[in-house]
Amino acid sequence: MSQVDIVDQIAERCVASARQWPWLKTKMTVGMAQAWMQQHSIRNRLFSSCYRPAWMSRCDDMAVVRKTISQMLEELVYDENIKAGHTKILWEMGRNVGLTDEQLDHAQPTRQTDIWCQTTENLCRSRHWIIGWLATSLEEFVLTALHGEETNISADKWQKDLGLTDEELFFFRYHEKADLEHAGKKVWAPIKKHVTTPELAADVLRGLDTALYATHIFYEGVMELAGQWDSAGARLPRRAA
């Protein structure tokens, strides 16, 4: 197996797997929007408090560590471009689709999304740090790789299906730009110099496949929760006159 093309293989597997996510292409409903926002709020918290620190503690590439810490700072504490942390605009968008702060602050994973949580933590703590890095950045890569397509990780799709305004979709709009710096083939380029044997390349791809399968299960959980909330009459909040 050639180490030169390892990043191309990673990218191809991510896109191919993402196209099978049950949430990706179907018409967006209010329940789907609410379920994704709530379950993503759990991931947002765990990425920076648990998963990324776990694999970074074993990463010997200080450029990767510094870049990841910078990303965590923007997400949890402060992003100079928006004068706030990304968590603030995530919670604002949650309110825009009808969630309360209580639902976001005390969100609990579903049975399927908990499988993703447990799998991701195990990958980040016990497998090669590159696998942890991929597990915590693959969806950001997919967002940028599928940019321009009509998918449910596109702000345009949420606007089309739910009638939300650009202001209400600021979280999504901003991340379509910010994630270009957080993940992708150029960002993952250092993997090439660290994957020095066919055995490690094979292990990285096996770990990636596990992370991708767990992500598929995550979206099954989102869809199950969405179905429950849509059946219960999920609605967007009324706009002020």
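Where in the chain is Asp-79 found? The views below, all of a predicted model, begin with that residue.

**View 1. Asp-79 in the loop between helices H3 and H4.** Helix H3 spans 62–76 and helix H4 spans 86–96, and Asp-79 is found in the loop between the two. Its relative accessible area is 2%, under the 20% cut-off, so Asp-79 is buried. Leaving aside residues up to four places away in sequence, Asp-79 touches Glu-74, Ala-84, Gly-85, His-86 and Tyr-174.

**View 2. Packing of helix H2 against helix H6.** The axes of H2 (residues 30–56) and H6 (residues 111–126) come within 9 Å and cross at roughly 15 degrees. Angles under 35 degrees count as roughly parallel, and the two helices are therefore roughly parallel to each other. The crossing of H2 past H6 is right-handed. On the H2 side, the contact is made by Gln-39, Ile-42, Arg-43, Leu-46, Phe-47, Cys-50, Tyr-51, Ala-54 and Trp-55. These meet Thr-113, Trp-116, Cys-117, Thr-120, Glu-121, Cys-124 and Arg-125 in H6. By class, 10 residues of this contact are nonpolar, three are polar and three are charged.

**View 3. The largest nonpolar core.** This core has 80 residues, and those with the most contacts inside it are Ile-10, Cys-14, Trp-23, Trp-36, Trp-158, Trp-188 and Ile-191. Helix H12 (residues 198–231) supplies the largest share of the core, 14 residues.

**View 4. Surroundings of Trp-188.** Trp-188 is one of the core residues with the most contacts inside the core. Not counting residues up to four places away in sequence, Trp-188 touches Val-7, Ile-10, Cys-14, Trp-133, Leu-134, Ser-137, Leu-138 and Phe-141.

Terms used. Residues are numbered from 1 along each chain as its sequence is written. This is a predicted model: local features need pLDDT of at least 70, side-chain atom pairs count only at pLDDT 80 or more; totals for chains, interfaces and linings use all residues. Side-chain values use heavy atoms; hydrogens and water are left out. Axes are lines fitted to C-alpha atoms, for helices over the stretch in contact, and angles run from 0 to 180 degrees between N-to-C directions. Helices (H or I, at least four residues) and strands (E, at least two) are DSSP runs, numbered from the N terminus. Angles under 35 degrees count as roughly parallel, over 145 as roughly antiparallel, 65 to 115 as roughly perpendicular and the rest as oblique. A crossing is left-handed if the near helix is turned anticlockwise from the far one by less than a right angle, and right-handed if clockwise. Contact means heavy atoms within 4.5 Å. Ala, Val, Leu, Ile, Met, Phe, Trp, Tyr, Cys and Pro count as nonpolar, Asp, Glu, Lys and Arg as charged, and the others, Gly among them, as polar. A nonpolar core is a set of buried Ala, Val, Leu, Ile, Met, Phe, Trp, Tyr and Cys residues joined through side-chain atoms within 4.5 Å. Buried means under 20% relative accessible area, exposed over 50%, partly exposed in between (1.4 Å probe, protein chains only).
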